[in-house]
Each structure stands twice: as C-alpha cells, then as structure tokens.
Amino acid sequence: MVHKFNSYKNAIYGAVLFFFLITSIIATANENNLRIAGSTTVLPIVSRAAEKFKIKHPNISISVNAGGSGVGFSSMADRRIDIGMMSRKISENERKKYKGQEFIIYTLGRDGVACAISSEIFSDGITALSKEQIRDIYSGKIKNWKTLGGPDKKIVVVDKERHRGTRHAFMKYIFGNPTARARGARLVSGSNNEEQSKIAQSNSAIGMLSQAWINKNVASVALVHEGMQIKPSIQNIKSGAYPISRDLDIVTQKNISIVARQFIEFLLGPEVRPLIEKSGYVPIR
Amino acid sequence: MALLSMALGIGIVAYLFWEGGPFIWNQGTQFLLGLDWFPGEDYGAAPMIFGSAAVTLMALIFSTPLALASAIYTAEFLDPRRRLTVKAIMEILAGVPGIVYGLLGVSLLSVWVRDVFNLLDGYTLFSASILLAIMILPTIMTLSEDAINSTPAEHRQAASGLGLTKLEILFSVALPHAAPGIAGAILLAIGRAMGETIAVMLVIGGLDRIPEPWFDVFSSGQSIASKLGREAAETLGSGEHWSALMALALILFFLVIFLTAFGNWLIKGFRK
C-alpha cells in the first residue's frame with residue numbers, strides 16, 4: 001500500500017512479523033520435517049512417493065520443491081535441506097567447493113534426455129537428427145529448418161540454465177562438454193515444465209527435455225547414432241541403446257535424520273517402483 | 001521503529017558491499033563492460049545492465065503518459081464518488097504480486113507480442129517492458145492524482161478569480177504544484193521496475209547478450225534482477241559465482257540510487 005501507517009500500527013506489524021519469523025524457523029527445524037529440493041526430472045517420483053509415504057506416516061511432513069539439480073545439490077551441501085534431487089552426477093567444481101564433505105548418492109531410476117522439437121516441425125518431416133546437426137543448430141551455424149529438409153522457418157533454439165542436470169547430459173553428448181556454451185541459443189529456460197511450454201508455444205522450436213515430458217505438442221527426434229535412428233523410448237533407455245541417458249539420483253549428507261533415512265528406504269523399496277514407471281522413467285531394480 | 005528500519009537498510013547495503021565489493025574492485029572494467037556471462041570463465045555484466053536500463057526506460061515511456069492523463073482526468077474532471085472508485089481500483093492493482101503478472105505474461109502477453117509483431121517468439125525485452133508498464137501504471141497514476149488533487153483550493157480560486165479557464169488553471173497552477181509529487185511517483189515506479197524479478201524473468205528470454213543491433217528490442221535479453229532470480233539459488237553463500245552475483249546486486253543498488261538522486265535534483269530545479 002502506498003499510504004503511510006501511523007507508528008503504532010507499524011510497531012504491531014513488526015511484532016507480528018517477528019513472531020511468525022521465529023515460529024516458522026522453529027517449525028522447519030522440527031525433527032518430523034523433511035525438506036527435499038532439486039531436479040525437476042526427479043521431482044515427480046519423489047513427490048508421488050511422498051504422498052504415499054504420508055499415508056502411512058501422517059505425522060511426518062515432507063516438502064518437495066524444484067529448483068534444478070544444481071540448486072538441489074548446493075542446498076543439501078549447505079544443510080538447508082535434507083535430500084537433494086539430481087538428474088546428473090556431482091560435478092568437479094561442486095566437489096571442489098565442498099572439499100572435505102562426503103555425500104551419499106542413491107539412484108532411483110534411469111531417464112533419457114530427448115532432443116525435443118515443436119510437433120509442427122515433426123509432422124513436417126524432421127523426425128531424426130544427428131549429433132553434428134544438433135551441434136550446428138546450438139552453435140548458430142544452422143538457423144533455418146529448411147537447411148535440414150524441413151519447412152522454411154527460423155529455428156527457435158531453446159537453451160537451459162547452466163546448472164540443470166538435463167542440460168549437462170544433453171551438452172555432454174552434443175558438444176562433449178557438460179557446460180558447453182550454446183552460441184546459437186535464442187531463449188533460456190529453467191525447469192522441464194518451462195522448457196516444455198516454451199517449445200509447445202512455438203511452432204519451430206528445438207530444446208532439451210526429459211523424455212517423460214514429451215506430449216502431443218512437443219515431439220522428440222530420433223538420434224542418428226552410428227548409422228541407426230534411436231528413439232528415446234523406454235526400451236532404448238533400459239537397454240542403453242539411447243545415447244543420452246542419465247541416472248535419477250537423490251543425494252544426502254553422510255549423517256541424516258531418522259525420518260530422512262526412513263523415507264529413503266521407502267524410496268528404494270518396491271512400493272515406489274510403480275510410481276517411477278508411472279512418472280515415465282525406468283526403475284533401477 | 002525508525003532506528004530498526006535504518007539499521008536494516010544500512011545492514012543490507014553493508015552486506016552488498018562486503019560480498020560484491022571485492023569482486024568489482026578486482027575485476028574492474030572487465031566486469032562492467034564484459035559482454036559474456038559464463039560462470040567459471042567470464043563474468044561480464046554489460047548485457048544485464050543494458051537490459052535493466054532498457055526495460056525500465058521503455059516501461060516508463062509506455063506508462064507515464066497514460067498514467068498522467070488518467071491522473072489529471074480523475075483529479076480534475078471526475079465527481080468525488082467516481083474518483084474514489086477509480087482510486088480504490090488503482091490501489092488494488094498496485095498491490096498485485098509480480099508473479100501474477102508474470103504468469104499472465106507467459107500465457108497471454110508473450111503470445112500476443114509474438115503474433116502482433118510477427119516474431120519467432122514473444123520472450124523479448126519489449127514484452128518485459130510492456131509487463132512492467134502495466135505494473136507501474138497504477139502506482140504512477142494514483143500518486144500523481146494525489147499530488148494534483150492536493151493543490152490548495154485558495155490557489156485555484158485565486159486563479160479562477162483572475163479569469164483563467166479550467167485548462168489554464170490545470171497547467172499553470174495545479175501541475176506545477178503537483179510536479180514534485182509526480183516526480184516522486186515516477187521515481188517510485190522506477191524503483192519497482194528495476195527491482196521486479198519474477199515477472200521479468202518469465203518473459204524476458206534469459207539470454208545474456210546485448211541485442212544485435214543494440215536497439216532491437218524484439219530480441220531476448222536479461223535484466224539484473226532476472227539474472228539474480230535465475231542463478232542465485234544454485235550458488236548461494238560463497239564462491240566466485242556468488243561474488244559476481246552480489247556485485248551485480250551492488251550495481252543495481254547504485255543504479256537505483258543514482259536515478260533517485262538525479263530525480264531529486266530535477267525536482268529541486270523545478271521548484272526554482
């Protein structure tokens with residue numbers, strides 16, 4: 001509000017705010033709270049699992065937030081959350097930054113990163129791309145779909161925030177460097193959701209997306225790898241044939257709370273297997 | 001209470017200097033003029049500074065004429081009841097959170113901008129400035145209206161006694177009297193526009209580059225607040241990346257201070 005308050009109201013608001021601040025800090029440090037954050041690829045699994053877990057343990061409250069693999073790791077390493085979700089491995093720089101600390105990684109499943117394109121481009125004939133072609137698009141050498149035999153439309157190249165696990169896997173395959181620069185990029189998005197909506201909104205976009213996010217507006221191209229066209233299907237990810245696959249992990253500190261341990265045991269157990277498949281990924285066991 | 005606010009303010013500034021100051025000191029012009037932002041290698045702030053300045057300036061250009069016109073009309077030509085209704089609506093709009101505007105921007109505005117201007121996509125500096133213009137318009141309008149309306153009745157009566165028409169009274173009595181208030185409203189709006197994070201972050205495109213050519217507002221870009229919004233969470237607390245981000249925050253702080261001081265100087269000049 002733009003009006004001035006009188007000093008009494010100000011003091012009361014200040015006191016109330018202070019009260020809420022203190023109580024909320026106490027509440028989040030509670031032993032029966034589990035704070036989880038990180039990769040938006042792993043999030044659907046953990047989110048569904050948390051719902052199921054809460055039915056059996058109604059006194060435990062679990063908060064699951066997004067943010068991306070990088071945020072998940074650093075928040076866990078700084079002990080701001082209990083469990084970090086990552087769709088990539090911990091990088092060298094990250095380990096260097098937290099020298100001396102030990103982290104424990106549990107793998108929940110496998111996923112494939114699809115090279116996603118607008119469905120209009122797919123139906124206009126672009127159904128497979130090679131690593132070199134994708135590299136040329138992302139480095140700005142190829143600017144129009146017609147160069148690749150598609151419609152005469154400029155390519156909307158959608159990149160991702162640098163710390164995202166999905167980007168690491170994609171860039172490692174395309175450029176050989178997980179943190180490569182994409183000089184031909186036109187837009188930068190964050191979560192899988194944001195990337196999906198940016199590709200769906202356009203009719204000539206290309207981007208990197210977990211294959212579980214492919215829908216009728218966002219198609220995935222088959223990768224031309226060693227002479228064969230390989231689609232990011234569940235079978236190809238399971239068999240290892242699809243070249244851009246990655247583990248879906250949760251990472252924790254060495255010492256964690258009892259509640260965290262219980263939830264992790266649950267996550268690795270048989271009840272979560274169908275949830276992983278329902279989310280569109282390959283369970284690890 | 002005032003001491004507490006002051007202490008908080010000084011504390012924030014001190015923190016920014018502590019965290020970001022050394023980085024600017026060491027990197028100097030390389031940081032301020034650098035055109036590439038790539039954590040781990042280069043930290044060039046120029047695209048973000050350009051983006052913040054560009055979207056704020058455009059937002060002001062789009063919103064101020066309309067806001068002032070509405071303020072003048074509401075203050076001078078509306079009956080008290082309608083005036084209060086308009087004011088109430090404006091003040092509610094001024095309080096709408098940025099995220100709401102951001103979501104509307106993503107789902108409606110960016111599609112509209114793309115279709116009307118025949119662009120590849122609607123995530124541009126232009127879209128961000130339209131969104132900001134909509135956000136700051138209620139603020140400028142309602143505060144300017146307050147300023148115009150507060151012209152003392154005696155001055156108006158004196159002028160009308162001298163034979164001035166309503167329009168002449170408006171321009172020679174009411175507006176000059178309201179000028180400091182209007183300038184204050186615009187400064188407040190600049191502050192909000194430069195600091196708005198989430199709404200801008202969702203529609204600006206996110207590319208850390210100055211457009212080619214530099215005046216191509218229909219290209220994707222980045223503002224300081226939007227950059228902080230996207231990258232702060234991944235590198236919280238320590239490290240070179242964090243220092244670079246804090247240095248960016250320090251620059252934003254200085255930009256707003258400079259604009260405020262400049263505006264105050266203008267007001268003082270006006271008063272003479």
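Helices here are DSSP runs of H or I with at least four residues, strands are runs of E with at least two, and both are numbered from the N terminus. With that settled, let's look at chain B. Going along its sequence, you get α-α-β-β-α-α-α-α-α-α-α-α-α, so to count them up by the DSSP runs, that's 11 helices and 2 strands.

Quick housekeeping: this is a predicted model, where local features need pLDDT of at least 70 and side-chain atom pairs count only at pLDDT 80 or more, while totals for chains, interfaces and linings use all residues. Residues are numbered from 1 along each chain as its sequence is written, and chains are lettered from A and ligands numbered from 1 in the order they're written.

Back to chain B. Its C-alpha atoms fill a box of roughly 70 × 50 × 35 Å along the principal axes. Of its 272 residues, 43% are buried, meaning 20 or more other C-beta atoms within 10 Å of their own, with exposed at 12 or fewer, partly exposed in between, and C-beta atoms placed from the backbone.

Now, who touches chain A? In chain B, 25 residues are in contact with 29 residues of chain A, contact being C-beta atoms, placed from the backbone, within 7 Å. Both α4 (80–94) and α6 (125–149) of chain B supply at least two residues each to that side, and α6(B) gives the largest share, 3 residues.

Last stop, Gly184(A), in the loop between α7 (165–175) and β7 (187–189) of chain A. Is Gly184(A) buried or partly exposed? Partly exposed, because 18 other C-beta atoms lie within 10 Å. Beyond neighbours within four places in sequence, its contacts include Tyr138(A) and Val157(A).

Methods: Contact = placed C-beta atoms within 7 Å.
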